[in-house]
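Please look through the model shown below with its side chains displayed.

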Amino acid sequence: MATNDSLIQVKNLKKHYHRGAIKALDGVTADINKGDVMVVIGPSGSGKSTFLRSLNLLEEPTDGEIIFNGVDITKKKYKDASGKTVKLDIDGLRQKMGMVFQHFNLYNNKTVLQNVMMAPAYLRCKDIDKAKKKNRMIKFKNLFRGSDKKEELIPITETKDQIKKEVKE
């Protein structure tokens, strides 16, 4: 059942291969609320990875809806608050959705926190050092801009407390 806290709603999601002969997903429905941690378990070949890959459109579903923050992302376009048709920013979407796959290949020379931070930092500005440099430049430029034209800083999460705060937001 969907609630106002629903972050992701999956409705009748299907993924079929070989013209429907293989049904990796056949009518999956789920609600994932803000702050939820979801685990998908099952035997090999039951569609776990296909489901996860479908949630962020690494795998294109055959049918069904994936509603993320009120937008059906399977449609690739949506109407914004002003009614204008807008193309879906799939990279922006993926930055907001975290998942760990069964083969996640962590780096042994990094902490868990550093491993988890790598992808978001890479997507946002290739690495944390570049993001920090860019933020310094943005802060400098913002000194000379009007308050209505200030550029937003690149979010950088480096501490456990910051991660906990972001998860709660």
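Glu60 and Lys76 bring their side chains together in a salt bridge, with 3.5 Å from N to O, where a salt bridge is taken as a side-chain nitrogen of Lys or Arg within 4 Å of a carboxyl oxygen of Asp or Glu. This pair ties distant parts of the chain to each other, since Glu60 belongs to the loop between helix H1 (48-55) and E3, while Lys76 belongs to the loop between E4 and strand E5 (77-79), the two being 16 residues apart. The helices (H or I, at least four residues) and strands (E, at least two) named here are DSSP runs, numbered from the N terminus. Lys76 has a relative accessibility of 40% and counts as partly exposed, on a scale in which buried means under 20% relative accessible area, exposed means over 50%, and partly exposed lies in between (1.4 Å probe, protein chains only).

The model is a predicted one, in which local features need pLDDT of at least 70 and side-chain atom pairs count only at pLDDT 80 or more, whereas totals for chains, interfaces and linings use all residues. Residues are numbered from 1 along each chain as its sequence is written, and side-chain values use heavy atoms, with hydrogens and water left out.

By the rule given above, the count of salt bridges comes to 5. Lys15, Arg53 and Glu59, in turn, are linked in a network of salt bridges.

Lys15 leads on to the strands, where its bridge partner in E2 is Leu25. E1 and E2 run antiparallel and are joined by 9 bridges, two strands being called paired if DSSP finds at least two bridges between them. The hairpin of E1 and E2 has 4 residues between the strands, and within this hairpin His18 takes a positive phi near 50 degrees. Strand E1 (residues 6-17) also pairs with strand E3 (residues 63-68), again in the antiparallel sense, over 5 bridges, and in this pairing Lys11 stands opposite Glu65. E3 and E4 form a hairpin with 2 residues between them, and Asn69 in the turn has a positive phi of about 50 degrees.

What makes up the largest nonpolar core? It has 16 residues, and those with the most contacts inside it are Ile8, Val10, Leu55 and Ile73, a nonpolar core being a set of buried Ala, Val, Leu, Ile, Met, Phe, Trp, Tyr and Cys residues joined through side-chain atoms within 4.5 Å. E1, strand E2 (22-33), H1 and E3 each supply at least two residues of this core. If neighbours within four places in sequence are left aside, Val10 is in contact (heavy atoms within 4.5 Å) with Val28, Thr29, Ala30, Phe51, Leu55 and Glu65.

Turning to the backbone, most residues other than glycine have a negative phi. Asn12, although not a glycine, has a positive phi near 50 degrees; Asn12 is placed in strand E1 and is partly exposed, with a relative accessible area of 37%. Leu57 likewise has a positive phi, of about 60 degrees, without being a glycine, but Leu57 lies in the loop between H1 and E3 and counts as buried at 13% relative accessibility.

Finally, the structure holds 1 aromatic pair. Phe140 and Phe144 form this pair, which is edge-to-face, with 5.2 Å centre to centre and 70 degrees between the planes. Rings of Phe, Tyr and Trp (its six-membered ring) pair if their centres lie within 6.5 Å, with planes under 30 degrees apart counted as stacked, over 60 as edge-to-face and the rest as tilted. Of the two partners, Phe140 is partly exposed with a relative accessible area of 48%, while Phe144 is exposed, with a relative accessible area of 65%.
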